[in-house]
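Q: Could you take a close look at one part of this structure for me, the way its helices pack and what that has to do with the core? I'd like one connected walk-through.

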Amino acid sequence: MTERQRACLAEALEAGYDLLRGGGPAIAAVEAAIRAMEASGAFNAGVGSRAQLDGIRRMDASIMEGRDLQAGAVAGLEGIRHPITAARLVMEKTAHVLLAGPQATRFARYFELEPLASFPGPRAPTKQPRGEVPAMLRLYRAMARRRRVGLETVGAVALDRTGSLAAGASTGGIAVMLPGRVGDTPLIGCGVYADDLAGAVSMTGVGEGIIRLAVAKEIADRLAAGAAPGAAARSVLARLAARLRGEAGALVLARDGRFAIRHTSPRMAAGWWTGRGKPVIKDKFER
């Protein structure tokens, strides 16, 4: 974890907690914390999003509140600084859960969300050159052999004064992505889940494995059955590793305020704050 990332995490925790301390809802705190990380350029989200193999940055995000199980998500968003806000707009302004591709970008621009002016990325060609897909597949296979880990997806979970929970996540994807690849982050039940009767979960890691086991919902179901946050996360992450050799990290918050940060990856930059003293920020937690 770099000092820039450490400072950004502290800022994100303070932004979220300030809203909770003032009586704000958990979903606003989650959005505020993630916006701070998206704007920093220190993580693979928002300004810091990595490009897919065609050189274009496509971003995913989702957000969910636990009182009424309302959720919103975007996938393949281009040129928008705060995908998490676009996801919340999907939740609050439409009857849908997920918008994807160019239409998701048009939706975000309709609400005049701040563009990603500093990192626009190259424009997609109007016509696909002959042979481009085979060449890109060859490049993908060569690169995927060398690096398969997830990179710095950002997320947050929160519990407000009314007892309502929320969870969110935002990402630019993984190190090697074919154009159009979508991971776990915008899929409710995979990358995020929140239910006031269970808990709130936000995931990071390689999305393909997280999707196959619907990890966030699996952890939430174990919380609902009475498991402690640490035990719920540990058992599901162990299953992910055993069945799929997957690496992931989880932020887990129970409805009674107990929480856990667990990961099977070597490190996971994360933190928490109760409003007393300074935010606690580390890059290695109990495994």
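**A loop residue, then the helices**

A: A214 is partly exposed, since its relative accessible area is 29%. Keep in mind that this is a predicted model. A214 sits in the loop between α6 (207-213) and α7 (215-224), and its phi is positive, about 45°, although A214 is not a glycine. That's worth a glance because most residues other than glycine have a negative phi. R245 also has a positive phi, near 55°, and is not a glycine either. You'll find R245 in the loop between α8 (229-244) and β8 (248-254), where it counts as exposed at 78% relative accessibility.

Now for the helix packing. Start with helix α1 (residues 3-21) and helix α2 (residues 26-40): their axes come within 8 Å and cross at roughly 155°. Angles over 145 degrees count as roughly antiparallel, so α1 is roughly antiparallel to α2. The crossing of α1 past α2 is right-handed. On the α1 side, the contact uses R4, C8, L9, E11, A12, A15, G16, L19 and L20. Facing them from α2 are A26, A28, A29, A32, A33, A36, M37 and S40. Sorted by class, the residues of this contact come out as 13 nonpolar, 2 polar and 2 charged.

α2 has another partner in α3. Here the axes are 8 Å apart and the packing angle is about 150°, and therefore α2 and α3 are roughly antiparallel to each other as well. From α2, the contact draws on I27, A28, E31, I34, R35 and E38; from α3, it draws on P83, I84, T85, R88 and M91.

The largest nonpolar core has 39 residues, and V30, I34, M37, F43, V74 and L77 touch the most other members. At least two residues each come from α1, α2, β1 (59-65), β2 (71-77), α3 (83-93), α4 (102-110) and β4 (154-159). α2 is the top contributor, giving 8 residues.

Conventions: Residues are numbered from 1 along each chain as its sequence is written. This is a predicted model: local features need pLDDT of at least 70, side-chain atom pairs count only at pLDDT 80 or more; totals for chains, interfaces and linings use all residues. Side-chain values use heavy atoms; hydrogens and water are left out. Axes are lines fitted to C-alpha atoms, for helices over the stretch in contact, and angles run from 0 to 180 degrees between N-to-C directions. Helices (H or I, at least four residues) and strands (E, at least two) are DSSP runs, numbered from the N terminus. Angles under 35 degrees count as roughly parallel, over 145 as roughly antiparallel, 65 to 115 as roughly perpendicular and the rest as oblique. A crossing is left-handed if the near helix is turned anticlockwise from the far one by less than a right angle, and right-handed if clockwise. Contact means heavy atoms within 4.5 Å. Ala, Val, Leu, Ile, Met, Phe, Trp, Tyr, Cys and Pro count as nonpolar, Asp, Glu, Lys and Arg as charged, and the others, Gly among them, as polar. A nonpolar core is a set of buried Ala, Val, Leu, Ile, Met, Phe, Trp, Tyr and Cys residues joined through side-chain atoms within 4.5 Å. Buried means under 20% relative accessible area, exposed over 50%, partly exposed in between (1.4 Å probe, protein chains only).
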